[in-house]
Amino acid sequence: MERPRYLGVTPPVDTTPSSAEEEALADELLATLKAQGQFESDSERRSREVILGKIDKMLKEFVYRAAIKYKRPESVARSYGGKIFTFGSYRLGVHGAGADLDTLCVVPSHVQRSDFFEIMVEMLRERSEVTKLTPVPETHVPVIKMEFSGVDIDMTVAVLQQPVVPEDQDLADNNLLRNMDPVSVRSLNGSRVTDEILRLVPSIPTFRLALRCIKLWAKRRAIYSNSMGFFGGVAWAMLVARICQLYPNKSASIIVTRFFHILLRWNWPTPIQLKTIETGSGNLHVWNPQTSLSDAAHRMPIITPAYPSMCATHTVSHSTKQLIVREISHGVGVADRIMRREATWDAMFEKDDFFRTYKFYLQVNVASTDAEAHNLMHGFLESRLRQYVTRLEHTGMFVLIHPYMNSFDREHPCATDEDEQQVRAGLAPEERPAASNTDGDGAGGEAPSSDKDGKTVSLTTFYLGLLLTDRDRGANGKRCIDLSLPTQDFIMLIKDTELWDNDHMTISIRFLRQEQLPDEVFGDGPRDRLRSPDSKG
Ligand code: 3AT
Ligand code: MN
Ligand code: MN
């Protein structure tokens, strides 16, 4: 069969090159991203390369030590290899300064995953460069988290069904997945997907520049989060890659503009895919809305290109879909103004106005006196907040529930029990009479540990913006809003996890009117009045 001369599931829309003007706009985009601090420095780049080299050496030593453990002869133990791969934003070449480094350790079949979490973790513990070492073995994709020479590292592992992993090992062959354990398949997937995306775009430099623009836009507009029901890094990358396929010779400025226009008109749930989905020979589940009810329920499916293809956007809800579409439609206008030179690229990266948009909000507070446990709880709460949104959606009282991607995290020194209770309940400094003694006053409480009796409370706050239907108005026009059922239900769900520590943790949820929002959510900006889609009051 002859290979089509284009990348993607349909022919390109336009293969002509960009005009000089469009090229100039792409150069301006690059300059704006640089001015916004979106690129790492040369020294940071070199430092990451050195770190990768060191980790690769450690990996080979680890494979050797595992071989010795299983009584392989010394003479061959050195020949089993092992190789490090990268994935995530670093592999795509779109990482910012301070981004983490996602690495995958590929090891031969004599190695057990448990060895990785024992021998490798021990080797890392002995290194002076390593801090904040946190092995997370029991999870969907097991990972060792750490800082290596100050750089955040996520380290995953995949065991190949072959005796040796040579230096030129490639991960593209689907046959590698035969007889492989499912955890290794999942771990391998991150790397296979990023590699495949790069193979499927016509121009990698153009793809990178356009993707950097879209990622920063999505973060500033607060719609960048898989766990909260928006799109994550891989999904944004696939969307931009698809537009690049449709306009193979256009510069990044046009890719960005077409991105908004095409997505605004996209007929969801028609999936976005970069190539024909491979059904594969194994029995791994491949995304298929014809045969799977849960696949058919995906609202904005964006499908990963590497076998076994999955939907990267399964968390999108009724509400988050509306929000994504709303932002895309806003983006269309901004992109068009930039193209007409009525605005500069900075307009693309304006911050969201979440806290000025709604009349009512829910404030979800989790507080703990154990900072380390609190950290884990924070991640758990973030991953479960969607379930609160779903429960609220089911009440039928809302047109929209808007989960805010960014949480507010701080440590409060509390001098008195009363103050502690108020902090735990999520009361802002300006709402707490006792707060002046602890938060601001330099003499009283700047160093929490110096407080003899006082405790330090770690507090995490998430917000949901609420757009109500008109249905709940009584005869007198007054609202009657009772959210206690879904709220209690959600609180029970949070308290039900092993991470919950009833002696040190509290969770509270407050219903706030816009005027009641604490000052901190407005940052340094003016606390101006509501501008809203919720003008009905
Ligand atoms: P940053 O530049 O790091 O913000 P990124 O795209 O590299 O963007 P992550 O480091 O969070 O984002 O994730 C990299 C990849 O790791 C994306 C996905 O393939 C995988 N991944 C992330 N979180 C999870 C998770 N909870 N479970 C499984 N895979 C995950
Ligand atoms: Mn990353
Ligand atoms: Mn990561």
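Predicted model: local features only at pLDDT ≥ 70, side-chain atom pairs only at ≥ 80, totals over all residues.
Residues are numbered from 1 along each chain as its sequence is written, and chains are lettered from A and ligands numbered from 1 in the order in which they are written.

**View 1. The protein as a whole.** The protein has 16 helices and 12 strands, which are DSSP runs numbered from the N terminus (helices: H or I, at least four residues; strands: E, at least two). Its radius of gyration is 25 Å, close to the 24 Å that the globule rule gives for 537 residues, so the protein is as compact as a globular protein of that length. The radius is taken over C-alpha atoms, and the globule rule is 2.2 Å times the number of residues to the power 0.38. Along the principal axes, the C-alpha trace spans about 75 × 60 × 50 Å.

**View 2. Domain 1 against domain 2.** The domain assignment gives domain 1 (20–36 + 200–349), domain 2 (42–196) and domain 3 (358–522), with bounds from an automatic or database domain assignment. The C-alpha centres of domain 1 and domain 2 lie 29 Å apart. Their contact takes 15 residues from domain 1 and 13 residues from domain 2; two residues are in contact if their C-beta atoms, placed from the backbone, lie within 7 Å. On the side of domain 1 that touches domain 2, α7 (204–220) and α8 (233–246) each supply at least two residues, and α7 gives the most, with 4 residues. By class, this side of domain 1 divides into 8 nonpolar, 4 polar and 3 charged residues.

**View 3. The crossing of α1 and α9.** The axes of helix α1 (residues 20–35) and helix α9 (residues 252–265) come within 7 Å and cross at roughly 85°. Axes are lines fitted to C-alpha atoms, for helices over the stretch in contact, and angles run from 0 to 180 degrees between N-to-C directions. The two helices, α1 and α9, are therefore roughly perpendicular to each other (65 to 115 degrees; under 35 counts as roughly parallel, over 145 as roughly antiparallel and the rest as oblique). Glu22, Leu25, Ala26 and Leu29 of α1 make the contact with Ala252, Ser253 and Ile254 of α9.

**View 4. Backbone details in loops.** The peptide bond from tryptophan 268 to proline 269 is cis, with omega near 5°, and proline 269 is placed in the loop between α9 and β6 (272–273). Also cis is the peptide bond from tyrosine 307 to proline 308, with omega near -5°.

Technical notes:
Nonpolar A, V, L, I, M, F, W, Y, C, P; charged D, E, K, R; others polar.
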